[in-house]
Amino acid sequence: MKLRPVLFVLLLLSGFYYLTTRVGSTGEIAPWVHHVMHTTSASSSVEPSTSSVGAFDLTEASAAPAFDGEEQQNIAVYKKALASVVNITSTQVAFDFFYGSVPQQGMGSGFILDKQGLILTNNHVIDNAQRVEVTLSDKHKYKASVLTVDKNHDLALLKIDAPNLVPATLSDSRNLAVGQRVYAIGNPFGLSGTMTRGIISAIRSIRGPQGNPIEDAIQTDASVNPGNSGGPLLNSRGEVIGITTMIASNGADQSSGIGFAIPINTAKAVLDDFAKYGYVRRPSLDIVTLPIGPDIAEQIGLPADYGILIDRVVPGGAADKAGLKGGTQQAYQGNTPVMLGGDLIVGMDGQEITSPQDLAAMMNSHRAGDEVTITIFRGRRKMDVQVKLGDAKNQRQMGQRT
């Protein structure tokens, strides 16, 4: 039993002798020993390693590559438009559970209209704000004053006092085409000076952020996100063709590849009214209306199952002057009193009017003072009536006047 430890020691010594004299002489164990020693040294010492990983065989371009034609156009659009795009920060005061004031900030975009400091943006970017600040592309900040707003078109006109401003170049939005390349520059999620590119996906009528109709809205797949609102939508020459307004997000507060812009010609008409009158001359028929559907039409015996029934006309207003008639028979829609027997509007300028939204959309394509042709049923008789549109601001409020 006492021989076992001795034999074990002899066996270890024999193995060590064999490795060092036979294998070690061939160098086969040297790398292994070196690796173990190196690892042990590295793990137990703070001294830096002096080993080298060797040279890398890299393939490098002989010179910086030139931009292709498409890239050059993208860069040219960005350089031309960037200086005219601004970041807008609006601050409003909310109140917490204990009625303490809590400042809340919103962010959007806009663009410079002239060297005097006029800036166009969306109304919903600055709505109810107590303070509005504008940051230029050179990072300088200025306090902005809100000159006027048009909530129906979701537009607002701001002014700053700043030197060396670069105005945007405005294009014409009448001849836009689906498939046309467009660019959006703005401040999505507060990331200033961001440009995205896409095409015009469609030109369609939509409902704006406040439910207002936007005629000929420009739909695009250029990525737009919160913070882009109010910024310019540009053509391939860097000219403004629209004002980025909203996204179809399906509940997700980010781009889904469907964004919308107000056509720049709509903004031009609004700006023209701002310049001439200090407000937007909203056209009005000066009537109170009742929407008609198949059920109501059948109940009261109307000659058409769609349209807008004139409940009342504003005395001295556009409809009254043109001879349109309001109702004469009182009835109730639920608990709401209505007047029946008035003219039924079914068309305007040859376009079918089936709902108040249709009428509002048609009105948006006109201005106060324009003459339009209203198609009505008076009893069973269908007829056209020429109406000179009134100015909504010059008429007193009367129910849901159109």
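This is a predicted model: local features need pLDDT of at least 70, side-chain atom pairs count only at pLDDT 80 or more; totals for chains, interfaces and linings use all residues.

Q: Which residues of the largest nonpolar core touch the most other members?
A: They are Phe111, Leu120, Leu234 and Ile243, in a core of 25 residues.

Q: And which elements give two or more residues to this core?
A: Helices H3 (69-81) and H5 do, along with strands S6 (155-159), S7 (181-186), S9 (213-220), S11 (240-247) and S12 (259-263). The largest share, five residues, is from H5.

Q: What is Ile243 in contact with, leaving aside neighbours within four places in sequence?
A: Its partners include Phe111 and Leu120, and also Phe260, Ile264 and Ala267.

Q: Back to H5: which of its residues are buried?
A: Ile264, Ala267, Val270, Leu271, Asp273 and Phe274 are buried there.

Q: How does the span of H5 agree with what its 14 residues should give?
A: At 1.5 Å a residue, residues 264-277 should span 20 Å, and the end C-alpha atoms are 20 Å apart, so the two agree. After H5 comes Gly278, with a positive phi near 85 degrees.

Q: Changing topic, how much space lies in the largest pocket?
A: About 540 Å³. Among its 27 lining residues, Glu215, Asn265, Thr266, Asn364 and Ser365 are the closest to the centre.

Q: Which element gives the most to that lining?
A: H5, with five residues; S9 and S12 each supply at least two. The lining divides into ten nonpolar, nine polar and eight charged residues.

How values were computed. Residues are numbered from 1 along each chain as its sequence is written. Side-chain values use heavy atoms; hydrogens and water are left out. Helices (H or I, at least four residues) and strands (E, at least two) are DSSP runs, numbered from the N terminus. The expected span of a helix is 1.5 Å times one less than its number of residues. Buried means under 20% relative accessible area, exposed over 50%, partly exposed in between (1.4 Å probe, protein chains only). A nonpolar core is a set of buried Ala, Val, Leu, Ile, Met, Phe, Trp, Tyr and Cys residues joined through side-chain atoms within 4.5 Å. Contact means heavy atoms within 4.5 Å. On a 1 Å grid over the protein atoms alone, a cavity is a set of points where a 1.4 Å probe fits but cannot get out, and a pocket is an open set with protein on both sides within 12 Å along at least five of seven lines; lining residues have an atom within 4 Å of a point. Grid points are joined across faces, edges and corners, and a volume is the space filled by probe spheres set on the points. Ala, Val, Leu, Ile, Met, Phe, Trp, Tyr, Cys and Pro count as nonpolar, Asp, Glu, Lys and Arg as charged, and the others, Gly among them, as polar.
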